[in-house]
Amino acid sequence: GSKTYITNGFLSDVVVVVAKTAPEKGAHGLSLFLVETGTPGFDKGTKLKKMGLKAQDTSELFFEDCYVPAEALLGEENKGFYSLMNELPQERLQIAAECQARAEAAFEEARTWTNERIAFGKPLFDKQVVRHKLAEMKTAITVNRAFIDNCLLLHSEGRLDQYTASMAKLATTDLAWNICDEAVQLHGGAGYMWEYPVARNLADSRVPRIYGGSNEIMKELIARTCKIEG
């Protein structure tokens with residue numbers, strides 16, 4: 001079999017592979033295995049060319065008659081699905097925290113630019129529409145930061161559930177995309193130039209809405225808590 005769009009797949013020395021060890025059990029028949037680079041039957045594809053996150057490699061992985069010893073089993077046999085589910089809230093919180101930082105960085109770039117950039121003899125910040133846009137951006141970032149800080153506290157206490165983590169991922173990845181887009185807009189034409197951090201931030205902020213479970217999936221998970229049984 002094969003798997004595509006694997007983060008750090010090209011540079012990895014070892015990968016965690018989810019394999020069917022009891023196909024008749026469906027999701028309850030999955031196990032995790034550690035597969036080292038150089039294992040016969042395990043090959044890597046070339047680095048894929050991405051829109052953003054260019055410092056991080058992404059590649060395809062191929063498995064053809066790949067055999068691993070029993071000691072390569074990670075965790076319990078047929079318990080891989082549970083291990084994955086237990087780690088998902090942490091992964092989605094990590095994505096949310098990353099995007100919160102990206103939104104804050106984009107805001108600071110926009111704030112600096114609008115205070116220093118002179119247009120028609122005055123700083124851009126002197127224009128009410130610019131000041132109000134910055135106010136909206138700062139408010140959205142500050143409100144979301146409070147939520148993420150609470151999620152981090154819940155996680156440190158072992159109380160972060162998958163639904164709250166899904167809300168964090170949904171809200172913050174959308175926030176980062178919107179803030180980065182507004183930051184580019186405030187930069188004008190300069191914001192579309194790759195040399196400016198806001199351009200790279202915008203490119204990098206798109207894929208978090210896809211990986212770690214797409215935001216459409218996050219909405220489905222969150223919606224389960226909204227149904228009234230009866």
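The largest pocket is lined by 46 residues, of which K3, T4, Y5, I6 and T7 lie nearest its centre; a pocket here is an open set of points on a 1 Å grid over the protein atoms alone, where a 1.4 Å probe fits, with protein on both sides within 12 Å along at least five of seven lines, and lining residues have an atom within 4 Å of a point. The model is predicted, with local features requiring pLDDT of at least 70 and side-chain atom pairs pLDDT 80 or more, whereas totals for chains, interfaces and linings use all residues. Residues are numbered from 1 along each chain as its sequence is written, and side-chain values use heavy atoms, leaving out hydrogens and water.

The space in the largest pocket comes to about 1,900 Å³, a volume being the space filled by probe spheres set on the grid points, which are joined across faces, edges and corners. Two or more lining residues are given by each of β1 (2–7), β2 (14–20), β3 (30–36), β5 (58–63) and α1 (80–116), these elements being DSSP runs numbered from the N terminus (helices H or I, at least four residues; strands E, at least two). Helix α1 contributes the largest share of this lining, 9 residues. By class, the lining has 24 nonpolar, 14 polar and 8 charged residues, where Ala, Val, Leu, Ile, Met, Phe, Trp, Tyr, Cys and Pro count as nonpolar, Asp, Glu, Lys and Arg as charged, and the others, Gly among them, as polar.

Helix α1 also packs against α2 and α3, and the table gives the geometry of the helix pairs, with axes fitted to C-alpha atoms over the stretch in contact and angles running from 0 to 180 degrees between N-to-C directions.

| Helix pair | Angle | Axes apart |
|---|---|---|
| α1 and α2 | about 155 degrees | 10 Å |
| α1 and α3 | about 20 degrees | 8 Å |
| α2 (128–156) and α3 (162–187) | about 155 degrees | 10 Å |

The angle between α1 and α2 makes them roughly antiparallel (over 145 degrees), and their crossing is left-handed, meaning that the near helix is turned anticlockwise from the far one by less than a right angle. Among the residues that meet there are L93, F107 and R111 of α1 and L134, I148 and H155 of α2, contact meaning heavy atoms within 4.5 Å. The residues of this contact divide into 13 nonpolar, 5 polar and 4 charged.

Helix α1 is roughly parallel to α3 (under 35 degrees), and the crossing of α1 and α3 is left-handed. Their contact has 17 nonpolar, 7 polar and 4 charged residues.

Helix α2 is roughly antiparallel to α3, which it passes in a left-handed crossing. The contact includes M137, F147 and C151 of α2 and M167, L175 and I179 of α3, and its residues divide into 16 nonpolar, 3 polar and 2 charged.

Definitions and conventions:
Parallel < 35°, antiparallel > 145°, perpendicular 65-115°, else oblique.
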